[in-house]
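Reader: I'd like to learn how to read an interface between two chains. Can you walk me through one?

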Amino acid sequence: MSENAEFYQAVIDDHRRRPRRRGPLPTANRVAARENPTCGDLCTLRLRVEAGRIVEAAFTGAGCALSQASASLAASSLEGLEFARAAALVAAVEKLVRNGPGAVASEETPGDLAALAAAHALPARHACALLAWQAAGQALQSPEGADRENA
Amino acid sequence: MRPGLETRPDFPVLAQQVNGKPLVYLDSGATSQKPRQVLAAVDAYYERDNANVHRGLHALSMRATEAFEKSRARIARFVGAADPAEIVFTRGTTESVNLVAASWCSANLRPGDEILLTEMEHHSNMVPWQLAAARAGATVRYLPVAGADAEHGLDLDRLDEFLTPRVKLFAFTHISNTLGVVNPAAELCRRARAVGAATLIDAAQSVGHEPLDVQALGCDFLVFSGHKMCGPTGIGVLYGRKALLDAMPPYQGGGGMIENVEFSGSTFKPAPERFEAGTPDIAGAIGLAAACDYIDGIGRPAIAAHDHRLGELARAALEELPGIRVLGPRAGSPRAGMVSFAFANIHAHDVVTVADQQGVALRGGHHCNMPLMKKLGLPSTARASFYLYNTEEEVAALAAALRKVVKFFG
Ligand SMILES: Cc1ncc(COP(=O)(O)O)c(C=O)c1O
């Protein structure tokens, strides 16, 4: 569907159809849930952090294709990152979506993440694209502890 | 002139491409497009007559005042009001409701009283009453929508249970912006009167679409926005029966609404000026009167028949699509010219974004009725709404766009 190339790019469609890192994470020690009440999108992001590094990340949730694909991108790209690098990535994605591809150097949002730039042209959908990333930002700041939902 | 194709040259905005496709504007329920005649009336006012109203003694001010008051009289005629003084200009439906909720409620609502709404109200006919009730120590109750899936009309069998003498005011929408249900407004007003409750009708979705007469409806208040009926944004109307308006305290204070001001206090003009503090939207009122002329030039019975026909065509076409749930009245019950729908596995935002890529403008979301959405068990729906300038070809374009949506997300 070529006319949708700008938005539902192959990457987003791929992550929507085959979400990475979707599911529970019983070993998580950081968790944050975000909701967008205006459209009902939900995202819970779970991290297992060890020695300042995200060793595992996973999400659960429901919502529009963009919010779920973005959550899949978030969980899969945060895994393995040092804490500071993860926080920088969250900030870079937010800038990419809000301010457009010109606002961030391409190495700041590597690989598939660049696809999220397509959401910039749709201001009404910024909240969808950023939901998981805001959950990630919150999880990074949350106190360490067992994920009660999973306990 | 008949609704449909013949009207399209009057709407310059419709003759454009969006995302490389001809624009198919199916979001008139959110705001309608404006015909040249309305734009010209606003331009002519600014080019020839612009001045402040009610204060100047010079020629332009007198012309502006005359045009403003003529507009009021035109709008009174449009809704069947007995007296132009029953027409208060506001910013729109929302401000009109807030005006009554602030002013009428402060004089009439006591602890223990009830305000009755329905579950299908727009937030703008819900939140102001919640605020007023909290101020007065009163309670807001909601007449439920009927049907196992909660998407049909109001549950009128339960009206007596809710419409008790404790109810001081019953506010309800004429046409639901979410379901397309047409409520039996005259009957609801009659039943409210029987228990001594005042009535307010939210006519935002009906006044530009259907024949409407406040005296035949028997309501105390009726509110609407200009922008949903071919008029400009920023102007709206509160119709109130003269006796009620004159007994209500001011809403906002300022110039234009006072009789006499002393440092120790002030006295106020009667309605409608009492409720129009400050310089009003003069051009908006003139544009709205031009919109009344335009609509009546086509005729509201013809517009209603046209809208309903497109709504029914759309409903029938959409029900063919796999995995769709079309909301609203059962076949045969009154349905306004709109169709809300939801796909089992496709979020409304995705529907709207992909339709937009086909040039088809839809609304997607909770339609400013979060509690109803919760009851429907849906986070959001998509909606196509029709008006006098839409065509059968556009219904076909909608169906084609939605087939692409299904194919893309299927
Ligand atoms: C039924 C209904 N009531 C009230 C409103 C609010 O109108 P406005 O935003 O013009 O004040 C709308 C418009 O969305 C509506 O559809």
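Author: Let's start with a term: a salt bridge is a side-chain nitrogen of Lys or Arg within 4 Å of a carboxyl oxygen of Asp or Glu. Between chain A and chain B the count is one.
This is a predicted model, where local features need pLDDT of at least 70, side-chain atom pairs count only at pLDDT 80 or more, and totals for chains, interfaces and linings use all residues. Residues are numbered from 1 along each chain as its sequence is written, chains are lettered from A and ligands numbered from 1 in the order in which they are written, and side-chain values use heavy atoms, with hydrogens and water left out.

Reader: Which residues form the salt bridge, and how far apart are the closest N and O atoms?

Author: Arg125(A) pairs with Asp350(B), and their closest N and O atoms are 3.0 Å apart.

Reader: How is the size of an interface often given?

Author: Often as the accessible area lost when the parts come together. Buried area is what two parts lose on being put together, summed over both (accessible area, 1.4 Å probe). Here, chain A and chain B bury about 1,500 Å² between them, with carbon and sulfur atoms giving 56%.

Reader: And how many residues of each chain are in contact?

Author: Contact means heavy atoms within 4.5 Å. By that rule, 20 residues of chain A touch 16 residues of chain B.

Reader: Away from that count, is Glu161(B) buried, exposed or partly exposed?

Author: Buried means under 20% relative accessible area, exposed over 50%, and partly exposed in between (1.4 Å probe, protein chains only). Glu161(B) counts as partly exposed because its relative accessibility is 41%.
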